[in-house]
Amino acid sequence: MLENDRTQPELAAAGAIQKRRGMDSEGWFEYLVRVYPHHTDYSGAVWHGTYLIWMEEARVESLRSLGIEYADWVAQGLELPVVELSLRYHRSVQMGQSVAVRTRMAASEGVRLLWDYEIRSPDAQELYVTAQVTLVGVDREKGKIIRQLPPALKEALTKLSVKPST
């Protein structure tokens with residue numbers, strides 16, 4: 001860490017995102033992200049699409065922390081594409097900053113999975129982005145929405161304390 005960079009938390013050198021604390025009592029899973037130049041626009045502010053990338057990575061990693069590999073679902077013919085997205089930008093994040101990307105499953109409605117997000121300063125004092133994403137189960141081979149979630153996915157969702165409906 002540079003002498004004048006004492007306010008930034010240490011991050012692993014191997015990647016932009018790392019597990020911070022795991023899941024808290026409210027179901028939030030938290031990761032730290034350091035903002036690199038390729039995450040920003042010409043002004044040094046994080047480009048709006050970068051937040052979406054961080055959110056997806058955090059969602060997949062939160063599942064992985066529970067032993068659920070997204071790649072395994074895809075290999076079995078299930079996709080979970082985003083069908084609805086709502087984002088609110090509260091303030092911009094600048095190059096060189098670190099932020100905590102927080103995600104949790106908010107609800108399960110049939111084959112629809114709703115995820116909440118917050119992107120905050122690591123000390124939780126500043127709120128940068130809030131969002132909600134809706135995913136839906138799709139049969140990769142047929143390209144159609146499935147009628148009910150596969151048993152393995154339902155079981156995985158119980159690990160997130162979400163009771164899937166049928």
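Let me start with a term: buried means under 20% relative accessible area, exposed means over 50%, and partly exposed lies in between, with a 1.4 Å probe and protein chains only. By that rule Arg59, at 7% relative accessibility, counts as buried.

A word on the source. This is a predicted model, with residues numbered from 1 along each chain as its sequence is written. Local features need pLDDT of at least 70, side-chain atom pairs count only at pLDDT 80 or more, totals for chains, interfaces and linings use all residues, and side-chain values use heavy atoms, with hydrogens and water left out.

Back to Arg59. Arg59 is found in helix 1. Helices here are DSSP runs of H or I with at least four residues, strands are runs of E with at least two, and both are numbered from the N terminus. What does the Arg59 side chain make a polar contact with? The side chain of Tyr117, at 2.9 Å. A polar contact is a pair of N or O atoms within 3.5 Å; within protein, one must be able to donate a hydrogen and the other to accept it, and residues adjacent in sequence count only if both atoms are side-chain atoms. Contact alone means heavy atoms within 4.5 Å. Leaving aside neighbours within four places in sequence, Arg59 is in contact with Val82, Thr103, Trp115, Tyr117, Val133 and Leu135.

Now the core. A nonpolar core is a set of buried Ala, Val, Leu, Ile, Met, Phe, Trp, Tyr and Cys residues joined through side-chain atoms within 4.5 Å. The largest one has 35 residues, and Trp54, Trp73, Leu113 and Ile119 have the most contacts inside it. Strand 7 gives the largest share of this core, six residues. Leaving aside neighbours within four places in sequence, Leu113 touches several residues, among them Met105, Val133 and Leu157.

Three strands form an open sheet in the order 3-8-9, with antiparallel pairing. Strand 3 (78–79) and strand 9 (144–145) are at the edges with a single partner strand each, so one side of each has no neighbour in the sheet. Pairing requires that DSSP finds at least two bridges between two strands. Two bridges join strand 8 (residues 138–139) to strand 9. Val138 stands opposite Ile145 in strand 9.

Most residues other than glycine have a negative phi. Ala124 is not a glycine, yet has a positive phi of about 65 degrees. Where is Ala124 found? In the loop between strand 6 and strand 7. At 43% relative accessibility, Ala124 counts as partly exposed.
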